[in-house]
Amino acid sequence: MSSPEIASLSWGHMKVKGCSSSYKDCKVWPGGSRAWDWRETGTDHHPGVQPADLEEVLQKGVATLVIGRGMSEALQVPPSTVDFVRQRGVELIVLQTEKAITEYNNLVGQGAKVGGIFHSTC
């Protein structure tokens, strides 16, 4: 099962190929995607992405996880979250969201088992 490509990105809006919904923030993994609702885990720009935000994607058996920190990189990724991912033997790529989506789509094109979480505003 392959990961879905991110079809488009603009401020506050993302489309995932093959999905009729659009997202403000999203999670993607081999075979699926859904909205990333920060309220589920109490996430905010500071301290940033929490391990609980990533658990669902990591459980899908990804080899690489890409995190998009927002258009202006306002979303933080604390060292504890980086450690959480690496302790599971998963490669982690953290970039500004436009760059993160380009990298993610490149990995999808190579057939990699890749997942991602992307913030589409600040």
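Predicted model: local features only at pLDDT ≥ 70, side-chain atom pairs only at ≥ 80, totals over all residues.
Residues are numbered from 1 along each chain as its sequence is written, and side-chain values use heavy atoms, with hydrogens and water left out.

**Stop 1: the sheet.** Select the strands (DSSP runs of E, at least two residues, numbered from the N terminus). You'll find 5 strands in an open sheet, ordered 5-4-8-6-7, with mixed pairing (two strands pair if DSSP finds at least two bridges between them). Strand 5 (32–35) and strand 7 (91–95) are the edges, each pairing on one side only. From one strand to the next, the twist averages 10°.

**Stop 2: the hairpin.** Now pick strand 4 (residues 25–29) together with strand 5: they run antiparallel and are joined by 4 bridges. Strand 4 and strand 5 form a hairpin with 2 residues between them, and Gly 31 in the turn has a positive phi of about 90°.

**Stop 3: helix 3.** Select residues 97–109, which are helix 3 (helices are DSSP runs of H or I, at least four residues). Helix 3 lies across strand 4, strand 6 (64–68), strand 7 and strand 8 (114–119), and runs at about 160° to strand 8 (axes are lines fitted to C-alpha atoms, for helices over the stretch in contact, and angles run from 0 to 180 degrees between N-to-C directions).

**Stop 4: Leu 54.** Head to helix 1 (residues 51–58) and click Leu 54. Leu 54 counts as buried because its relative accessibility is 0% (buried means under 20% relative accessible area, with a 1.4 Å probe and protein chains only). Leaving aside residues up to four places away in sequence, Leu 54 touches Val 49, Leu 65, Ile 67, Thr 81, Phe 84, Val 85 and Ile 117 (contact means heavy atoms within 4.5 Å).

**Stop 5: the helix pair.** To see where they meet, show Pro 51, Leu 54, Glu 55 and Leu 58 in helix 1 with Thr 81, Phe 84 and Val 85 in helix 2.

Technical notes. Buried < 20%, exposed > 50% of the residue type's maximum accessible area, 1.4 Å probe, protein only.
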